[in-house]
Amino acid sequence: FERVDWRPPRQRLLVVANRLPVSAVRRSEDSWSLEISAGGLVSALLGVKEFEARWIGWAGVNVPDEIGQKSLTKALAEKRCIPVFLDEEIVHQYYNGYCNNILWPLFHYLGLPQEDRLATTKSFQSQFAAYKKANQMFAEVVNGNYEEGDVVWCHDYHLMFLPECLKRHNSSMKVGWFLHTPFPSSEIHRTLPSRSELLKAVLAADLVGFHTYDYARHFVSACTRILGLEGTPEGVEDDQGRLTRVAAFPIGIDSERFVRALEVPQVQDHIKELKERFAGRKVMLGVDRLDMIKGIPQKILAFEKFLEENPKWCEKVVLLQIAVPTRTDVQEYQKLTSQVHEIVGRINGKFGSLTAVPIHHLDRSLDFHALCAVYAVTDVALVTSLRDGMNLVSYEFVACQDAKKGVLILSEFAGAAQSLGAGALLVNPWNITEVAASIGKALNMSDEEREKRHRLNFAHVTTHTAQEWAETFVSELNDTVVEAQLRIKQ
Ligand code: G6P
């Protein structure tokens, strides 16, 4: 017999997220350029390859005309992406408003808007209505592209209504929902006026996933306290005995992509240039979206404190802070940009010389290869988020450090602290004195200790990949649906 290399057909996956992995910029009436979007969700999902995946989401641009919508749909199809077109008013109320002014700060323990962020209760209600409407628009695009047997994987806080919209239309659809931010303590979630509706809508999914066990636990206790539903070790059971499975699935990155990039000649040249540029100085690095949850002002103030207490380091260390602009239409983000600029300017004025400044601050992203080169020349990475679902910058840094074995200073309030805690120096980012002391410890750490800590982190990052994360979630979702069917038959 001739040997036939048979493989089962790859499972079709519809990945639904507010933001597509590419954002569109209009060049002319019918031509578009597509750029990789920023953020942890995109960088992880780019590493997921084993599925026949299609993406459904917003391309980050308002396209009111038919020619534009048709040409963008065609351009995105080449990237296996399907657009959801959101008009300006919806973007304003749903994305800037309910998602980024209400849910995002709340889920990161920054509380509900105070008066200057939430003028009247009426605006809250219209934002919530727009949120539900936008979720329904996503559902319609999913329904239009769904084929029997597909797995539909909904992502993040933008789409908490989506499981309910999808199941209402087709109760046999396999629906998973995954949150990329923390899920806060039930005491925080309780403060949200629409707390019950959101929880019920998420519970329509078959499987609900979080980055850490703590977030999953908070979600289950919110369902118990707010909805009065029973939490079991498997998840949450409703009054009719239907179980929504709830579990933790810590995300990872495509570590090989980073390791391979370091071999690219262009990256090696860049590494050489950077080494020459910063010769005689230790390089510290921060890479963050310019978001209040990232703790950028606190980090820079800790660096200032370190320089004040250790003046001999002033000429021997540089902090590269790459602050990627994000959600620039939201007022809080505009205020943060000015605040960070003011602090950086003050510190550079205070500690700079004619030839060097202690902080290089960039208000933009770097392309993938430039980013890998910067990671590779860094001695100490500072990831000091005030709260963070996971934080994959910490993983990317570790993946690029096998030659240098640099130190990772990591916030204990980032999900990554639960996986990289043994190798990193953990800090409370609110405690500027502690962060300043950790900077000193990292810069003075012995080679043996750096090596030992790096080994632990590197082993984790290279074995807990994005691919493994996605496979585990999807296979758990398939199993959950089969088990639920068996339960019904019994
Ligand atoms: C976080 C969120 C993602 C989001 C990303 C970028 O990582 O969890 O859902 O896409 O930030 O934010 P943006 O608002 O630009 O999509």
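**Close-up 1. Ile409 and its contacts in the predicted model.** Setting aside neighbours within four places in sequence, Ile409 is in contact with Val380, Ala381, Leu382, Val383, Thr384, Ala424, Leu425, Val427, Ser438, Ile439 and Ala442. Here, two residues are in contact if their C-beta atoms, placed from the backbone, lie within 7 Å. This is a predicted model, in which local features need pLDDT of at least 70 and side-chain atom pairs count only at pLDDT 80 or more, while totals for chains, interfaces and linings use all residues. Residues are numbered from 1 along each chain as its sequence is written.

**Close-up 2. The largest nonpolar core.** This core holds 147 residues, and the ones touching the most other members are Val16, Val152, Phe219, Leu408, Ile409 and Leu410. Helix 3 (residues 88–107) gives the largest share, 9 residues. A nonpolar core is a set of buried Ala, Val, Leu, Ile, Met, Phe, Trp, Tyr and Cys residues joined through C-beta atoms within 7 Å. A residue is buried if 20 or more other C-beta atoms lie within 10 Å of its own, exposed if 12 or fewer, and partly exposed in between, with C-beta atoms placed from the backbone. Helices (H or I, at least four residues) and strands (E, at least two) are DSSP runs, numbered from the N terminus.

**Close-up 3. Helix 11 against helix 16.** Helix 11 (residues 296–309) packs on helix 16 (residues 432–443) at an angle of about 60°, and their axes are 8 Å apart. That makes helix 11 oblique to helix 16. Axes are lines fitted to C-alpha atoms, for helices over the stretch in contact, and angles run from 0 to 180 degrees between N-to-C directions; under 35 degrees counts as roughly parallel, over 145 as roughly antiparallel, 65 to 115 as roughly perpendicular and the rest as oblique. From helix 11, the contact uses Gln298, Leu301, Ala302, Phe303, Lys305, Phe306 and Glu309, and from helix 16 Ile432, Thr433, Val435, Ala436, Ile439 and Gly440.

**Close-up 4. Helix 13 under cover.** Helix 13 (residues 368–377) is mostly covered, with 7 of its 10 residues buried. Look for Leu371, Cys372, Ala373, Val374, Tyr375, Ala376 and Val377, the buried residues of this helix. Their cover includes helix 9 (255–261), helix 10 (265–277), strand 12 (282–289), strand 13 (317–324) and helix 14 (393–399).

Close-up 5. Phe473 is buried because 20 other C-beta atoms lie within 10 Å; Val481 has 19, so Val481 is partly exposed. Not counting residues up to four places away in sequence, Phe473 touches Gly176, Phe178, Gly209 and Phe249. With its neighbours within four places left aside, Val481 is in contact with Lys174 and Asp206.

**Close-up 6. Positive phi at Asp156 and Arg327.** Most residues other than glycine have a negative phi. Asp156, however, has a phi near 80°, and Arg327 has a positive phi of about 45°. Asp156 sits in the loop between strand 6 (151–155) and helix 5 (162–169), and it counts as buried because it has 22 C-beta neighbours inside 10 Å. Arg327 is in the loop between strand 13 and helix 12 (331–351); with 19 C-beta neighbours inside 10 Å, Arg327 counts as partly exposed.
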